[in-house]
Amino acid sequence: MNAATRFAVALLLGTGLAACAQAEPVAVAAPLPKLDYSYDASWGGMSLGQVEIALRPEAESGCYRYTNTSNPNALVRALYGSPNQTSRFCLKDGRIRSQHFESVVPGDDKRSYTLDFDWAKHTVIDQNGQVRTIPDDAIDSFALEQAVRLWVQAHAGDGTPPIAEFTMVDNKNLTHYQFKFSGHQKIDTPAGSFDTLLMERIDNPDKQGRFWLAPDRAYMPVRIETKNGGKPMVVMVLAK
């Protein structure tokens, strides 16, 4: 498997939805619902396997555990492994606040990492003890899925929805994104047909991102398409 394919597998089976936003706090109805979703993943038309996503409340009020478990096919499992992610976050003043994040590739410490957030100091510390300063809107790469769901839910009824912006923090970088609403579309998936809101990435012309979010599925994405430069399209489609 070449580097481009490994990148696609990491994107699909590791991060899923890699971008939308929480530019400002939004009104959040607590508690968040339990979620269980399964996505079929592919890269350039090649099946990669499935991704299972679950959201559960934790003992601490207003805090949640969000998990991403990959079930790659035999070839992908043999060449890349089975990357999994967990994000623990809390709702604070209408905003998702990442508390702990881990990305684990079993048996591969070089590609596995953790992040712990200290919002009193506005810092994040990784598994090696490296401390970085982060802005007030920073969020881990996986909790972004819930940030975008809440953001879209808050703005779905706007006549002219604003541009969505956010800052994602991973093991190396802070990345800034912008997304816009691009209308309504009906999308067919193995899980059924859905009326959706389409959001598209607009901050970088070399990186495409399209996300179809279904009100009937709590504004979770039912289809995701991402493309980096000349690389093949990465696709995730709701399976059930």
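The largest nonpolar core of this predicted model holds 57 residues, of which Phe89, Ile96, Phe117, Val152 and Met199 touch the most other members. A nonpolar core is a set of buried Ala, Val, Leu, Ile, Met, Phe, Trp, Tyr and Cys residues joined through side-chain atoms within 4.5 Å. Helix α3 (residues 144-155) gives the most to this core, contributing six residues. Residues are numbered from 1 along each chain as its sequence is written, and side-chain values use heavy atoms, with hydrogens and water left out. In this predicted model, local features need pLDDT of at least 70 and side-chain atom pairs count only at pLDDT 80 or more, whereas totals for chains, interfaces and linings use all residues.

- Beyond its neighbours within four places in sequence, Phe89 is in contact (heavy atoms within 4.5 Å) with residues including Leu32, Leu55, Tyr64, Tyr66, Ile96, Ala143 and Gln146.
- Ten of the twelve residues of α3 are buried, where buried means under 20% relative accessible area, exposed over 50% and partly exposed in between (1.4 Å probe, protein chains only).
- The buried residues of α3 include Leu144, Ala147, Val148, Leu150, Trp151 and Val152, and also Glu145, Gln146, Arg149 and His155.
- The end C-alpha atoms of α3 are 16 Å apart, which agrees with the 16 Å that its twelve residues should span at 1.5 Å a residue; the expected span is 1.5 Å times one less than the number of residues.
- Helices (H or I, at least four residues) and strands (E, at least two) are DSSP runs, numbered from the N terminus.

- All five residues of strand β15 (residues 234-238) are buried.
- Val234, Met236 and Leu238 cover one side of β15, and Val235 and Val237 lie on the other.
- In a regular strand the side chains alternate between the two faces of the sheet.
- Strand β1 (residues 35-43) runs antiparallel to β15 and is joined to it by five bridges; two strands pair if DSSP finds at least two bridges between them.
- Asp40 stands opposite Val237 in the β1 pairing with β15.
- Strand β14 (residues 220-228) is also antiparallel to β15, with four bridges, and Thr226 stands opposite Val234.
- β14 and β15 form a hairpin with five residues between them, and Gly229 in the turn has a positive phi of about 60 degrees.

**Ser70 in strand β3**

- Ser70 lies in strand β3 (residues 63-72) and counts as buried because its relative accessibility is 4%.
- The side chain of Ser70 reaches the backbone oxygen of Pro83 at 2.6 Å.

Notes:
A polar contact is a pair of N or O atoms within 3.5 Å; within protein, one must be able to donate a hydrogen and the other to accept it, and residues adjacent in sequence count only if both atoms are side-chain atoms.
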